Amino acid sequence: MDLNLKGKNAFVSGSTQGIGKAIAEELATLGANVTLCARNVESLNEVKSTLANSDGQSHQTLVADFSKPDQLKAAVDEHLGQGNQYHILINNTGGPPGGQAIEAGIDEFRIAFNQHLICNQILAQDIVPGMKEAGFGRIINVISTSVKAPLNGLGVSNTVRGAVANWSKTLANELGQFGITVNNVLPGATATQRLSSIIENKANKTGKSVDEVGSAMKAAVPAKRFAEAHEVAAAAAFLASPAAGYINGINLPVDGGRTVSL
């Protein structure tokens, strides 16, 4: 099985913590040159210093705020204008705050739509031409199992994640002929800062303890535990590899079997 990413360049957004960081680490371990993208320069440099480079990789950082699509566009345009070209694009952005859809303000939907779909579109439009030129491309969107079965209490996230999933499938149909695959990784409950925040919010609303809420969530998973970020990263890294060249347009749950639908 060909998992070798030596000579491949990967752009990973949201890569200073959680799943995004784990994906960047996994891609570097497989030999890729990784560009980390997030808004905090200190965190970016810290993660960059830990990435594997046993194959002589050259890792980079790019500072951008996904709440400001125009700023992201300008930063990526300048970066690509310096001769950078990518074979792998990982779209990964932290989820919107929890809450019921009916209670969400219009701006909550607008902000989430910009941070996820619009920013994904900006990155794809800028990076895909280089993939076409190389005859090799992997676009992997880290979304959520909510695209298969909406999750209670995550109204805005359910809505926007579903839009991203359909955008992704559309791109898969359009770009497959160029050797570019587009797939979605759907993490279930994963031991990250995001999950801790969700558990704390639910505990505050229900009057239960954090431990009680966490235990109930684990009990709903056939594996009876939360995922580790590196387990989600492994799935993304496989989809980025040459071995996954004929896998295109799929939603891949990494959820310990929690999602009830096929």
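Student: In this predicted model, why is α3 called roughly parallel to helix α4?

Tutor: The axes of α3 and helix α4 (residues 106-134) cross at roughly 20 degrees. Angles under 35 degrees count as roughly parallel. That makes α3 roughly parallel to α4.

Student: How do the two axes lie in distance, and what is the hand of the crossing?

Tutor: The axes of α3 and α4 come within 10 Å. The crossing of α3 past α4 is right-handed.

Student: Which residues make the contact of α3 with α4?

Tutor: From α3 come P69, L72, K73, V76, D77 and L80. From α4 come N114, I118, C119, I122, L123, D126 and I127. By class, the contact of α3 with α4 has nine nonpolar, one polar and three charged residues.

Student: What makes α1 oblique to α8?

Tutor: Helix α1 (residues 18-29) packs against helix α8 (residues 229-240) at an angle of about 50 degrees. Roughly parallel needs an angle under 35 degrees, and roughly perpendicular runs from 65 to 115. The angle of about 50 degrees therefore makes α1 oblique to α8.

Student: How far apart are the axes of α1 and α8, and which hand does the crossing have?

Tutor: The axes of α1 and α8 are 8 Å apart. α1 passes α8 in a right-handed crossing.

Student: What residues form the contact of α1 with α8?

Tutor: α1 supplies G18, I19, A22, I23, E26 and L27. α8 supplies A229, H230, V232, A233, A234, A236, A237 and A240. The contact of α1 with α8 divides into 11 nonpolar, two polar and one charged residues.

Student: Take A237 in helix α8. How do you know whether A237 is buried or exposed?

Tutor: A237 has a relative accessible area of 2%. Buried means under 20%. So A237 is buried.

Student: Which residues does A237 touch, beyond those up to four places away in sequence?

Tutor: A237 touches E26, L27 and L30. A237 and A24 are 213 residues apart in sequence, yet 8.9 Å apart in space, C-alpha to C-alpha.

Student: What describes a pair of packed helices?

Tutor: The angle between the axes and the distance between them. For helix α6 (residues 193-206) and helix α7 (residues 210-219), these are about 115 degrees and 8 Å. α6 passes α7 in a right-handed crossing.

Student: Which residues of α6 and α7 meet?

Tutor: L195, I199, E200, K202, A203 and T206 of α6 meet V210, V213, G214 and M217 of α7. The contact of α6 with α7 has six nonpolar, two polar and two charged residues.

Student: What makes F11 and Y86 an aromatic pair, and why is the pair called edge-to-face?

Tutor: The count comes to one aromatic pair. The rings of F11 and Y86 are 5.5 Å centre to centre, with 85 degrees between the planes. Centres must lie within 6.5 Å, and planes over 60 degrees apart count as edge-to-face. So F11 and Y86 form an edge-to-face aromatic pair.

Student: Where do F11 and Y86 sit?

Tutor: F11 is in strand β1 (residues 9-13). Y86 is in the loop between α3 (69-81) and β4 (88-91). The pair links distant parts of the chain, 75 residues apart. Both F11 and Y86 are buried.

Student: How do you know how L36 is classed, buried or exposed?

Tutor: L36 lies in strand β2 (residues 33-38). The relative accessible area of L36 is 0%, so L36 is buried. Leaving aside neighbours within four places in sequence, L36 is in contact with V12, S15, A24, L44, V47, K48, L51, Q60, T61 and L62.

Student: What is the phi of K224?

Tutor: Phi of K224 is near 60 degrees. That is a positive value in a residue other than glycine.

Key:
Residues are numbered from 1 along each chain as its sequence is written. This is a predicted model: local features need pLDDT of at least 70, side-chain atom pairs count only at pLDDT 80 or more; totals for chains, interfaces and linings use all residues. Side-chain values use heavy atoms; hydrogens and water are left out. Axes are lines fitted to C-alpha atoms, for helices over the stretch in contact, and angles run from 0 to 180 degrees between N-to-C directions. Helices (H or I, at least four residues) and strands (E, at least two) are DSSP runs, numbered from the N terminus. Angles under 35 degrees count as roughly parallel, over 145 as roughly antiparallel, 65 to 115 as roughly perpendicular and the rest as oblique. A crossing is left-handed if the near helix is turned anticlockwise from the far one by less than a right angle, and right-handed if clockwise. Contact means heavy atoms within 4.5 Å. Ala, Val, Leu, Ile, Met, Phe, Trp, Tyr, Cys and Pro count as nonpolar, Asp, Glu, Lys and Arg as charged, and the others, Gly among them, as polar. Rings of Phe, Tyr and Trp (its six-membered ring) pair if their centres lie within 6.5 Å; planes under 30 degrees apart count as stacked, over 60 as edge-to-face and the rest as tilted. Buried means under 20% relative accessible area, exposed over 50%, partly exposed in between (1.4 Å probe, protein chains only).
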